[in-house]
Amino acid sequence: MTAFLLKKLFEPLSIGPITLSNRIVMPALGTNFAGSKGEVTPRLIHHYQARAAGGAGLIIVEGTAVHQTGRGFLYQLSIDRDELIPSLKQLVQAVQGQGAKIFIQLHHGGRNTNSRISGTQPWAPSAVPSPVGQETPKAMSLEEIQEIIRAFLEGARRAREAGFDGVELHGAHEYLLSQFLSPYSNFRKDAYGGSLENRLRLSREIIQGIRKEQGEKFLISFRISGDELVSKGMHLPESLKAARALTGYGADLINVSGGVYETPHLIIPPAPFPQGVHLPLAESMKKALSVPVIGVGRILHPEFAEAVLNSGQADLVAIGRGLIADPDWPQKARTGRFGDIRFCVGCNQGCIDFLMAERPITCLYNPGVGKDREFSFLPARQPGTMVVVGAGPAGLEAAVTLDEMGHRVYLFEKRDRLGGQVQTALIAPGKSEFQEIIRYYQRKLEKSGIQLFLNTKPTIETILDLTPDFVVIATGSVPIDPDLPGLQGEEVLSIETALTQPEKVGEKVVVLGGGNAGCEVADYLSLSGRKVTIMEMGNRMARDCGPARRYLLMRRLRENKVKNFIRCRIKSLSPGQVTYIREEKDGQRSMRHLNGLDTFVNALGVKSNDILAAPLKAIGIQVDIIGDALSPGKILDAVAEGARAAREIYGKMEAKNKANKNT
Ligand SMILES: Cc1cc2nc3c(=O)[nH]c(=O)nc-3n(C[C@H](O)[C@H](O)[C@H](O)COP(=O)(O)O)c2cc1C
């Protein structure tokens, strides 16, 4: 499909006084890029400016705190004080200067925050904690409700004064406005609880207040969970009634998402949820409403987005993680360069998992997120020669970046294909989209001047013959080899072997280690009917997996009858048997055996493989060890390492050239 066929996606849309240049919306996406007092930072400005320059028609700035009691994250953007207006203005100008329109999402976390962050007991419609366990909130008094209404109205005033084209009220995902809206969280008996009309009252007073104070020209979007997808929550028929009422009160746009805290996998659906998971909800809203509707939920490909608009499921498409992964998605789509897009693979690891861990967000294979300025560079003044050993995620990122900087790059890979640990990871259920990572780098390699040698383990001599300025060692890792009797036995397989050669795996399997990797291999093996047990030393399975993916993974393990043994210290393996010490909750320990086993999978961890580094260093070659070869980690860490190494080499080369010039 060529770009001109994306007619609808790049058709302007007028809403009230503004005209969007296209139908692509960047929805609110928290970043943790704000300062500790909620202020705008240069990093935050660059992040949004890059997405506007990349061609999104409307940017909705992340959920922004209107009141201290509702702060959801330590580094959440705030709009609760006039002193914040000047820097918000800079943000607005940076985005509007690129031709995009900009809204800001007004947010109050309600019961889904905690006193560690907000400094006070959470406020909510009722004194009932979220079923997934946060603090018990206090039921808001009528005075406190008035205080919050005022906070939203003041937030909207500040937004207008800063130059925003509009605001979005966060009425989805079980935050304060949706907590009032929904029978799932609102048990009040007064005018703000009970009937739908009463549950809508808080949102009504806010919308009407903004309209009255900020006038007709200031736009109001309302984000709603079209279905909360939990029993006793709001379902589509009631959400439709609510949305109709909200537009009657003055909302100019309805943004249709789904889910509550209990169902995080539906708020930010990871792979393998299909493209457009929430679009049926948007479609129903669009049929019932006379204002534009935004659809969201894993809208990944430009052709798909176009089809969504053409079929009338939505008027605008929100592309969230897709724009984190590739800020230039819209421009690349418009110019028909679909193959150049770095598509989101729905892993959730760098974005929402980092956000929830109070870390600045990033992306599995876009390490430039939040570093938009640092990652721009001029071509190297003097091209150097670089040898990269290993074409896994770390080596690939280093190689393509060094090539983009203008260096000559030789890339060696001992296997017959690119990708390293990505090739193994994508075999696990629900992770086939990781193929996209390899496709993306493959494409980059094709367009580069990199000389690639597959099936090649370079010797020291091969490397020296190339007279490299730098050698990047990205040779990955090998399974750890603890002093565990029996671990060298024939029936013990590595994760890689179990995934790539499942014919070697018997019927009854014990996976040694219940981290994410161990659970994923168990998931895979159980699909073919094998009886799988996971043994984990700690007291939680898949502890290194983010909440949404963990929820799905654990559900699949339960469905496939995988047995999970926690607090198990493995003592020895022998043919058909594992001996372990089980620690009970009360601290009592007992030695136990499991018999009749066919295969063990070693998921105890990996260690670095950097054997080339020492001999090269010894002969004075500048070496940079990256990825698992330096310190075993995830694909995300490996890619970040590759990017870091390339930039450091660039800096050293520039310094060297400058010094040479001066002498
Ligand atoms: C890192 C991250 C932060 C998010 N923060 C917000 C937020 O502040 N407000 C909101 O309404 N939704 C938030 N969301 C949800 C997104 O707006 C969007 O609905 C979701 O990612 C699904 O769209 P996608 O599949 O295009 O990513 C966030 C999602 C992510 C990944």
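The legends below describe close-up views of a predicted model.

**View 1**

At A28, a polar backbone atom is 2.7 Å from an oxygen atom of the ligand. H170 places a polar side-chain atom 2.9 Å from an oxygen atom of the ligand. On its own the ligand has 610 Å² of accessible area, and the protein covers 95% of that area.

**View 2. Helices α15 and α23.**
Helix α15 spans residues 393-404 and helix α23 spans residues 635-662. Their axes come within 7 Å and cross at roughly 30 degrees. Angles under 35 degrees count as roughly parallel, and α15 and α23 are therefore roughly parallel to each other. The crossing in which α15 passes α23 is right-handed.

**View 3. Helices α20 and α21.**
Two packed helices are described by the angle between their axes and the distance between the axes. For helix α20 (residues 516-527) and helix α21 (residues 547-559), the angle is about 40 degrees and the axes are 10 Å apart. That angle makes α20 oblique to α21. The crossing of α20 past α21 is left-handed.

**View 4. The peptide bond between A271 and P272.**
A271 and P272 are joined by a cis peptide bond, with omega at about 10 degrees. P272 is placed in the loop between α9 (264-267) and α10 (279-288).

**View 5. Backbone of H173.**
The phi angle of H173 is near 55 degrees, which is a positive value in a residue other than glycine. H173 belongs to the loop between β8 (166-171) and α5 (176-181).

Notes
Residues are numbered from 1 along each chain as its sequence is written. This is a predicted model: local features need pLDDT of at least 70, side-chain atom pairs count only at pLDDT 80 or more; totals for chains, interfaces and linings use all residues. Side-chain values use heavy atoms; hydrogens and water are left out. A polar contact is a pair of N or O atoms within 3.5 Å; within protein, one must be able to donate a hydrogen and the other to accept it, and residues adjacent in sequence count only if both atoms are side-chain atoms. Accessible areas come from the Shrake-Rupley method with a 1.4 Å probe; for residues, only the protein chains shown count as cover. Axes are lines fitted to C-alpha atoms, for helices over the stretch in contact, and angles run from 0 to 180 degrees between N-to-C directions. Helices (H or I, at least four residues) and strands (E, at least two) are DSSP runs, numbered from the N terminus. Angles under 35 degrees count as roughly parallel, over 145 as roughly antiparallel, 65 to 115 as roughly perpendicular and the rest as oblique. A crossing is left-handed if the near helix is turned anticlockwise from the far one by less than a right angle, and right-handed if clockwise.
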